[in-house]
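Dear colleague,

Please find below the structure that I am handing over to you.

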Amino acid sequence: IYGGGRSLVKLLHALLLPLYSYYLTPADYGLLGLVLTTATLIDVFVTLGFDVAFTRFYFDEDSDANHRRVITTVFYVKFFYGGLLLAVVAFFCPQIAELVTGDADNAIYFQVALINIFFTNWSDLPYTLFRLDHRPWTFTVFTLGRVLVQVPVTVAFVVWLDQGPMGVLIGNAVSAALLNFAALPTYWKRLDWRPDRRHMGAMMDFAWPAIFSTLSFY
């Protein structure tokens, strides 16, 4: 079920290629590629390898208390740490745009990409939780739901509003945000508002080495 859902998502993304090739110029493609590649690199430091730590610590102890502790820790890292780091990076987007594209005016593209990173990284919490709790159909519904939102929004901004690469970035960000908020009720009641600092430190120690292996890939 997981594999079929992911394959269908990739197929739907592939169906957008003719749209992109018709409405985006080679220069648009180049700019979009640079923005997305840079955003992916930044995401390595936002994720911190916590997806792996999530799975590892969730099954350390099969109890509701442990599950709540792990979910809360991941939430705080995804929401507060991720939000703070991306806010700082967004402040330096003019310098990043100048370095990567040679034009500081392209900073807005990077900033919209950072919004997408924030909501996508945050939504990894419920998506991973669906898998840990053996809820494949729920996982697939939300995965397909994001695509079904992203495709029409992207078409609207790229075709009707003629936003070029910005339309693609807005489509990604809007779909990530909407599906993230839609998933909140699935885990909200399992959060404790006072995180366990020792537990967070243990998860951090386990997670952060993954940064180096991921960085080497990109």
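Helices here are DSSP runs of at least four residues, numbered from the N terminus. Under that scheme, Val-88 belongs to helix H5, which covers residues 64-91. Please bear in mind throughout that this is a predicted model.

Surface patch

Val-88 is one member of a nonpolar patch on the surface, together with Leu-84, Phe-91 and Phe-92. The accessible area of these four residues together is about 440 Å². Is Val-88 itself buried, partly exposed or exposed? Its relative accessible area is 42%, and Val-88 is therefore partly exposed, as that class lies between the limits of 20% for buried and 50% for exposed.

Aromatic pairs

A pair of aromatic rings is described by the distance of the centres and the angle of the planes. The structure contains 24 aromatic pairs. In one of them, Tyr-58 and Phe-59, the ring centres are 5.4 Å apart and the planes stand at 90°, so this pair is edge-to-face. Tyr-58 has a relative accessibility of 1% and so counts as buried.

The pair of Phe-75 and Trp-188 is likewise edge-to-face, because its planes are at 90°, and planes over 60 degrees apart fall into that class; the centres of the two rings lie 6.1 Å apart.

Charges over rings

Two arginines deserve mention here. Arg-56 lies over the face of Phe-57, 4.7 Å from the ring centre. Arg-131 has its charged end over the ring of Phe-139, at 5.5 Å from the centre of that ring.

A buried threonine

Thr-38 is located in helix H3, residues 26-47. With 16% relative accessibility, Thr-38 counts as buried, because the limit for that class is under 20%. Which residues does Thr-38 contact, leaving aside its neighbours within four places in sequence? They are Ile-96, Val-100 and Phe-110.

With kind regards

Terms used. Residues numbered from 1 in each chain as written. Predicted model: local features only at pLDDT ≥ 70, side-chain atom pairs only at ≥ 80, totals over all residues. Heavy atoms only, no water. Patch = residues over 30% accessible without salt bridge, like charges linked within 9 Å, V, L, I, M, F, W, Y side chains within 5 Å. Areas by Shrake-Rupley, 256 points an atom, 1.4 Å probe, with all protein chains shown as cover. Salt bridge = Lys/Arg side-chain N within 4 Å of Asp/Glu carboxyl O. Helix = DSSP H or I, 4+ residues; strand = E, 2+ residues; numbered from the N terminus. Buried < 20%, exposed > 50% of the residue type's maximum accessible area, 1.4 Å probe, protein only. Phe/Tyr/Trp six-rings, centres within 6.5 Å; stacked < 30°, edge-to-face > 60°. Lys NZ or Arg CZ within 6 Å of the ring centre and 35° of its normal. Contact = heavy atoms within 4.5 Å.
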